[in-house]
Amino acid sequence: MPELPEVETIRAQLAPRLEGRELVRVEILDPRLTRPYDLFEVTEELEGDRVTAVERRGKYLVVRLESGLVLLVHLRMTGSFGFGPASHERAVLELDDGTRLVYRDVRRFGTWLVLEGVELETYLAGKNGPEPLGARFTAEWLAGRLAVRTAALKAVLLDQRVVAGLGNIYADEALWRARLNPLRAAGSLEPGEVRRLHRAIRTALRAGIERQGSTLRDYAAPDGSAGSMQDEFGVYGRDGEPCPRCRATISKTRVGGRGTWFCPRCQPLL
Ligand SMILES: [Zn+2]
């Protein structure tokens with residue numbers, strides 16, 4: 001599932017191809033994509049409009065249009081964009097320079113929602129906390145969010161209202177970098193541990209962006225290239241292998257139903 005670094009990689013590739021271009025033809029092939037709104041209604045809203053900016057908020061792609069409308073795309077499990085014909089095509093955007101941008105999605109959980117620009121912040125504010133690489137995401141802010149929660153630390157980190165854009169992969173990587181056990185009660189962290197975690201979240205996400213995300217199964221960037229972050233994971237998906245920091249054997253457990261990898265020596269439960 002694409003997380004912040006993967007969505008940011010997609011955004012960075014789409015922006016120069018889409019910005020300033022008119023959507024001359026919009027074809028939505030799957031009614032599930034725009035539910036509960038009618039796909040023809042959404043098609044009509046988009047067609048003839050011009051893209052002014054492609055932005056990202058958490059795991060959402062935000063396509064701003066000249067009319068003031070915004071197309072909000074969430075890729076969920078397997079949504080992706082590409083510039084060539086593909087299997088599992090769910091929508092096609094034809095641009096005024098002849099570019100054919102294809103949205104494909106095997107599992108069909110992705111969503112396209114058209115909003116008025118003025119509705120966007122309200123809509124996102126209910127779902128997403130501050131951007132973890134932005135100035136509003138401070139260690140103090142994170143400490144306040146964690147202090148009131150008794151659930152397992154990792155489960156709280158996956159709450160998009162706490163860390164927008166963080167998912168299963170980068171949560172495990174951040175906890176490993178911060179040397180914190182994913183099963184610790186979120187509210188039990190000392191101030192120094194929260195500061196370590198805050199720094200580790202940012203470092204893990206920045207590393208992911210620099211390596212164009214991680215490619216496991218389906219994910220590819222719009223130009224078809226794969227990310228390389230998977231080659232540098234500390235723990236994610238590596239149970240039975242040695243911890244790159246201390247050589248102890250990496251363990252796998254489950255937190256909130258999600259596969260969770262950690263080093264029992266670097267990240268003791270205390
Ligand atoms: Zn270790």
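A polar contact here is a pair of N or O atoms within 3.5 Å; within protein, one of them must be able to donate a hydrogen and the other to accept it, and residues adjacent in sequence count only if both atoms are side-chain atoms. Please keep in mind that this is a predicted model, where local features need pLDDT of at least 70, side-chain atom pairs count only at pLDDT 80 or more, and totals for chains, interfaces and linings use all residues. Residues are numbered from 1 along each chain as its sequence is written, and side-chain values use heavy atoms, with hydrogens and water left out.

**View 1. Thr43 in helix H2.** Thr43 belongs to helix H2, residues 39-46 (helices, H or I of at least four residues, and strands, E of at least two, are DSSP runs numbered from the N terminus). A polar atom of the Thr43 side chain lies 2.6 Å from the backbone oxygen of Leu39. Thr43 has a relative accessible area of 11% and is therefore buried (buried means under 20%, exposed over 50%, partly exposed in between, with a 1.4 Å probe and protein chains only). Leaving aside residues up to four places away in sequence, Thr43 touches Val26 and Ile28 (contact means heavy atoms within 4.5 Å).

**View 2. Glu44, also placed in helix H2.** With a relative accessible area of 65%, Glu44 is exposed. From C-alpha to C-alpha, Glu44 and Val26 are 8.1 Å apart in space, while 18 residues separate them in sequence.

**View 3. An open sheet of four strands.** The strands follow the order E1-E6-E7-E5, with antiparallel pairing (two strands pair if DSSP finds at least two bridges between them). At the edges are strand E1 (23-28) and strand E5 (79-82), each pairing on one side only. On average, neighbouring strands of this sheet are turned by 15° against each other, direction ignored. Strand E7 (residues 100-105) pairs with E5 over four bridges in the antiparallel sense. Look for Gly82, which stands opposite Val102 in E7.

**View 4. Helix H4 packed against helix H7.** Helix H4 (residues 139-147) and helix H7 (residues 191-210) meet at an angle of about 115°, and their axes are 9 Å apart (axes are lines fitted to C-alpha atoms, for helices over the stretch in contact, and angles run from 0 to 180 degrees between N-to-C directions). H4 is therefore roughly perpendicular to H7, a term for angles of 65 to 115 degrees. On the H4 side, the contact is made by Ala139, Leu142, Ala143 and Leu146. Val194, Arg195, Leu197, His198 and Ile201 make the contact from H7.

Definitions and conventions: Parallel < 35°, antiparallel > 145°, perpendicular 65-115°, else oblique.
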